[in-house]
Amino acid sequence: MAQSTKDAGTTRLNGRAAGTERTLGQLVADAQTDVKDIVKGEIALAKLEIKADVAKGGKGAGLLAGAGLFGLYALGFLLTAAAWALALVVPTWAGFLIIGGVLLLITIVLALLGISALKKIKGKPERTIDTSQKAIAAVKPPKAS
């Protein structure tokens with residue numbers, strides 16, 4: 001970046017007298033330096049922002065993991081309570097068997113839905129490949145026969 005100073009009544013810019021003509025090479029070199037400084041500053045700022053976001057994300061992920069763990073414990077207690085509640089109507093073993101069967105049925109349905117969703121994955125970016133091939137064909141000169 002350009003810095004101006006005053007030395008004994010003469011204004012100086014980047015170490016040169018203000019009235020001094022600069023060559024094109026000097027101007028380009030100064031512009032390069034300025035652009036490099038700007039890019040370095042932007043990268044440093046981006047690093048700081050990303051670091052802060054990652055820290056917040058890590059804290060959020062940890063809190064969600066804790067919530068998931070306690071939710072899993074709660075689910076276990078609720079399922080046990082449901083089995084004991086059924087035991088008031090049927091034998092205890094039958095109450096637990098019914099709850100286990102319902103859980104197994106839910107597991108099978110979710111597994112089948114998951115397998116179906118995974119089979120729909122194409123595995124490659126077909127639209128991107130198509131547009132890339134079209135762009136290459138448009139730029140590439142036609143082959144001489």
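I take a residue as buried under 20% relative accessible area, as exposed over 50%, and as partly exposed in between. At 23% relative accessibility, R22 is therefore partly exposed. I note at the outset that the model is predicted.

**Entry 1: the chain as a whole**

I looked up the secondary structure and found 3 helices and 3 strands in the protein chain. Read along the sequence, their pattern is β-β-β-α-α-α. I then turned to burial: of the 145 residues in the protein chain, 3% are buried. I also checked the contacts with a separation of 6 or more, and 12% of them join residues 24 or more positions apart.

**Entry 2: the salt bridge of R22**

How many salt bridges are there? I recorded 2 salt bridges. One of them pairs R22 with D30, and their closest N and O atoms are 1.5 Å apart. I looked up the accessibility of both partners. R22 is partly exposed, as stated above.

I next examined K134 and D130, whose side chains form a salt bridge with an N to O distance of 3.4 Å. Both residues belong to helix α3, which covers residues 126–139. They stand 4 residues apart, about one turn of the helix. Is K134 buried or exposed? K134 has 54% relative accessibility, and because this is over 50%, K134 counts as exposed. D130 has a relative accessible area of 36% and is therefore partly exposed.

**Entry 3: α1 against α2**

I then looked up how helix α1 (residues 24–86) is placed against helix α2 (residues 92–119). Their axes come within 7 Å of each other and cross at roughly 135 degrees. The crossing of α1 past α2 is right-handed.

Which residues of α1 meet α2? From α1, I listed L79, T80, A82, A83, W84 and L86. Their counterparts in α2 are T92, G95, F96, I98, I99 and L103. Sorted by type, the residues of this contact comprise 9 nonpolar and 3 polar, with no charged residue.

**Entry 4: summary**

I close with the main points. The chain holds 3 helices and 3 strands. The α1 and α2 axes cross at roughly 135 degrees, and the contact of these helices contains no charged residues. The count of salt bridges is 2, and the one between K134 and D130 lies within α3.

How values were computed: Residues are numbered from 1 along each chain as its sequence is written. This is a predicted model: local features need pLDDT of at least 70, side-chain atom pairs count only at pLDDT 80 or more; totals for chains, interfaces and linings use all residues. Side-chain values use heavy atoms; hydrogens and water are left out. Axes are lines fitted to C-alpha atoms, for helices over the stretch in contact, and angles run from 0 to 180 degrees between N-to-C directions. Helices (H or I, at least four residues) and strands (E, at least two) are DSSP runs, numbered from the N terminus. A crossing is left-handed if the near helix is turned anticlockwise from the far one by less than a right angle, and right-handed if clockwise. Contact means heavy atoms within 4.5 Å. Ala, Val, Leu, Ile, Met, Phe, Trp, Tyr, Cys and Pro count as nonpolar, Asp, Glu, Lys and Arg as charged, and the others, Gly among them, as polar. A salt bridge is a side-chain nitrogen of Lys or Arg within 4 Å of a carboxyl oxygen of Asp or Glu. Buried means under 20% relative accessible area, exposed over 50%, partly exposed in between (1.4 Å probe, protein chains only).
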